[in-house]
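These are my notebook entries on a structure that I went through one feature at a time. I wrote down what I looked up and what I found.

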Amino acid sequence: MEIIVCIKQVPGTTEVKIDPATNTLIREGVESIINPFDTYALEEGLRMKERWGGKVTTITMGPPQAEKALREAIAMGIDEGVLLSDRAFAGADTLATSYALFRAIEKIGSYDLIICGKQTMDGDTGQVGPELAERLGTPFVTYVKKVEEVNDGHIKVERMIEDGYEVVEMPLPGLITVVKEINEPRLPSLRGMMKAKSAEITIWTASDLGVDTSKVGLAGSPTQVVRIFAPERSRKSEILQGDVSSQVDQLVKKLREAKIV
Amino acid sequence: MEYFLTDEQKMIKDLVGKITEEKIIPTRAELDEEEKFPWEIMKVLADSDLFGLYIPEEYGGFGMGCLENCLVMEELSRGCCGVSVTFAATALGTYPILLHGTEEQKKKYLPDIARGKRLAAFGLTEANAGSDAAGIQTTAVKDGDHYVLNGTKQWITNGGEAEVYTIIALTDKSKGSRGASAFIVEKDTPGFSFGKKEKKMGIRCSATRELVFEDCRIPKENLIGKEGIGFIVAMRTLDITRPGISAQAVGLAQGALEATLEYSRQRKQFGQTISSFQAIQHMLADMVTQIEAARALVYAAAKTIDSGAKNISKVSAMSKLFASDMAMKVTTDAVQIFGGYGYMREYPVEKMMRDAKIIQIYEGTNQIQRNVIALQLIKESMAR
Ligand SMILES: Cc1cc2nc3c(=O)[nH]c(=O)nc-3n(C[C@H](O)[C@H](O)[C@H](O)COP(=O)(O)OP(=O)(O)OC[C@H]3O[C@@H](n4cnc5c(N)ncnc54)[C@H](O)[C@@H]3O)c2cc1C
């Protein structure tokens with residue numbers, strides 16, 4: 001199986017600071033890590049390779065320092081790392097990111113499965129995976145919590161839904177995004193770390209990918225961040241008092257008032 | 001302090017540090033309480049290739065040395081000494097094969113040990129032969145193509161869990177210590193069984209058990225080196241692995257210091273954190289100074305051994321003596337700084353203090369270490 005795992009380097013802290021002038025993330029002075037959700041994608045790629053053979057390639061788009069994330073992935077056992085790095089890629093939103101990844105995967109050529117984390121810890125949108133599949137014209141399944149089997153050009157997975165899971169079969173090539181329930185990512189090995197230290201990282205620039213520069217980076221990002229906030233849940237609760245029959249009366253009255261019944 | 005570690009050595013320290021933080025610290029209290037053998041952690045160490053550290057590359061390892069082993073031991077021990085002694089006992093059981101084994105023995109045993117597929121153990125001590133190791137009574141009698149072992153080894157770390165055992169037994173009783181030989185005995189060999197598992201004060205997740213040999217026949221190819229060099233094999237092995245135990249003491253003390261620092265900056269009495277009292281500050285200052293002094297000595301001893309120096313008994317003994325006495329003091333002071341909370345199992349330092357004691361006893365008691373140091377010191381001065 002040819003597997004491609006897309007990862008992102010993110011600040012290794014939950015206290016992400018936002019630049020008030022540009023409304024983008026401030027990355028200076030913060031230690032960078034592999035987006036935690038992507039470590040599950042890496043682990044699943046490795047497990048699938050161990051079960052069905054093949055090769056796992058990892059792609060990341062980011063500044064030159066993002067090379068560190070690829071070396072960490074190689075230390076876990078990934079075969080090859082590709083870094084998409086160019087000033088033109090800076091400031092990308094999900095649309096521009098998925099475009100660059102799409103072009104890189106086209107350049108790689110063949111693949112059976114692409115694995116992404118369900119979302120990033122800093123952006124939280126969860127859109128890059130599905131957008132990438134859309135651009136490639138391949139099927140995709142999000143929120144995968146278990147890969148059951150791969151055979152005859154199909155993959156069978158369990159996909160998390162609100163109150164349970166559904167079993168989905170998808171033809172390959174395809175794309176999945178995974179949730180943290182899927183596995184427990186391994187720690188690096190000494191052999192892997194040594195390999196990672198001297199591994200050649202492939203670096204592709206915008207011109208290597210032959211991209212339309214109006215579609216990458218800030219230029220290719222229609223998203224306007226106006227404000228970042230957690231939506232408030234406005235849910236009122238009230239505890240009814242009294243014995244059961246009076247509570248029932250009160251409840252029915254309130255439901256009538258609210259025109260629910 | 002700057003020890004000028006190579007990139008590889010720093011990498012090892014980082015890797016093991018991560019394992020300690022993620023896998024050992026969260027589970028150590030439970031492992032201790034339930035006296036549960038740390039198989040899951042051994043699996044992690046195996047997957048991270050750490051069992052192959054000191055095994056030559058041609059047998060599937062990394063061909064590294066004593067210093068790298070010390071770095072691993074130090075980091076593991078920051079989390080739990082029961083875990084680290086389990087790792088260390090495999091080295092103890094493996095070095096006899098590494099140092100004196102035949103090519104066939106190395107090919108047969110080292111790759112599996114390097115991959116962490118099989119743990120090893122080292123059996124020297126008996127009920128009546130502790131410090132006086134020459135007093136062992138287990139015998140190995142040659143019978144055609146076999147040796148037949150009889151006797152009981154006591155307090156063997158990894159007993160029952162390991163699959164490869166290096167056993168010191170007498171092949172010629174009349175020759176005293178020159179009549180001992182070293183053998184490889186595999187688990188499940190008929191006539192080889194395990195006696196009681198000890199209940200201990202500390203390092204409680206490690207297995208300490210009796211090995212019982214009753215007419216246990218092993219192929220004569222399992223003799224390590226040749227007949228009569230059993231004690232040389234044992235002493236050379238212990239001299240090389242002992243700094244790992246010294247590093248265990250350094251790591252343990254470092255763990256105690258870290259826990260104590262954190263606690264002393266939070267605990268308030270008389271309206272201020274206890275770390276603002278000079279009495280506490282001075283204890284912290286002594287702790288960190290003693291730890292650093294021990295670390296410097298241990299690394300220097302390990303580097304001396306890695307340089308191929310001949311007379312390593314003294315440096316090896318000095319590092320163990322100093323580091324283990326230091327760890328006993330530092331962990332005792334850690335409990336003192338925690339006060340009553342330190343005496344409770346809810347906090348990690350009471351376990352650390354219990355664990356510290358064994359390091360002054362095993363791999364040769366500190367009294368025996370002093371004997372060794374003094375003897376070599378006097379020998380050296382006479383030679384001058
Ligand atoms: C948890 C644990 C794990 C162990 N693991 C192993 C193992 O894996 N393999 C193995 O072979 N052994 C193992 N041992 C045995 C350990 O190495 C011995 O306990 C140790 O060497 C001391 O022997 P002893 O306990 O019989 O004490 P003794 O020799 O009886 O000593 C008792 C006291 O007398 C002192 N003493 C003895 N002789 C002298 C002397 N000449 N001069 C001054 N003082 C002296 C000692 O320092 C000590 O204070 C283990 C022991 C323990 C407790």
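Predicted model: local features only at pLDDT ≥ 70, side-chain atom pairs only at ≥ 80, totals over all residues.

**Entry 1: a pair across chain B.** I began with Glu33(B), and I noted that it counts as partly exposed because its relative accessible area is 44%, a value between the 20% and 50% cut-offs. Glu33(B) forms a salt bridge with Arg345(B), and the closest N and O atoms are 3.0 Å apart. I then looked up where the two partners sit: Glu33(B) belongs to helix 2 (residues 28-34) of chain B, while Arg345(B) is in the loop between helix 9 (313-338) and helix 10 (349-359), so that the pair links parts of the chain 312 residues apart. Arg345(B) is also partly exposed, with a relative accessible area of 45%.

**Entry 2: a pair within one helix.** Next I turned to Glu75(B) and Arg78(B), which form a salt bridge whose closest N and O atoms lie 2.9 Å apart. Both residues are in helix 4 (residues 66-79) of chain B, and because they are three residues apart, about one helical turn separates them. I reminded myself of the general rule that an α-helix has 3.6 residues a turn, so residues three or four places apart point the same way. Glu75(B) is buried, at 7% relative accessible area, and Arg78(B) is buried as well, at 9%. I also found that Glu75(B) and Arg78(B) belong to a network of salt bridges, whose other members include Lys13(B), Glu21(B) and Glu258(B).

**Entry 3: a pair in chain A.** Arg186(A) lies in the loop between strand 10 (174-178) and helix 5 (190-198), whereas Glu43(A) lies in helix 1 (residues 36-52), so the pair ties together parts that are 143 residues apart in sequence.

**Entry 4: helix 2 of chain A.** I checked which residues of helix 2 (residues 67-76) of chain A are buried, and among them I listed Ala69(A), Leu70(A), Ala73(A) and Ile74(A). Just after this helix, Gly77(A) takes a positive phi of about 130°.

**Entry 5: the ligand.** Lastly I looked at the surroundings of the ligand, where I found 20 residues, the closest including Thr125(B), Ser131(B) and Gln367(B). This shell divides into nine nonpolar, nine polar and two charged residues. Strand 1 (120-123), strand 3 (146-157) and helix 11 (366-383) of chain B each supply at least two residues of the shell.

I then wrote down the contacts to nitrogen atoms of the ligand. A polar side-chain atom of Thr125(B) is 2.6 Å from one, a backbone N or O atom of Trp155(B) is 2.9 Å from one, and a polar side-chain atom of Asn371(B) is 3.4 Å from one. The protein covers 65% of the 970 Å² of accessible area that the ligand has on its own.

Notes:
Residues numbered from 1 in each chain as written. Chains lettered and ligands numbered in written order. Heavy atoms only, no water. Near = heavy atom within 4 Å. Polar contact = N/O pair within 3.5 Å; in protein donor to acceptor, adjacent residues only side chain to side chain. Areas by Shrake-Rupley, 256 points an atom, 1.4 Å probe, with all protein chains shown as cover. Helix = DSSP H or I, 4+ residues; strand = E, 2+ residues; numbered from the N terminus. Nonpolar A, V, L, I, M, F, W, Y, C, P; charged D, E, K, R; others polar. Buried < 20%, exposed > 50% of the residue type's maximum accessible area, 1.4 Å probe, protein only. Salt bridge = Lys/Arg side-chain N within 4 Å of Asp/Glu carboxyl O.
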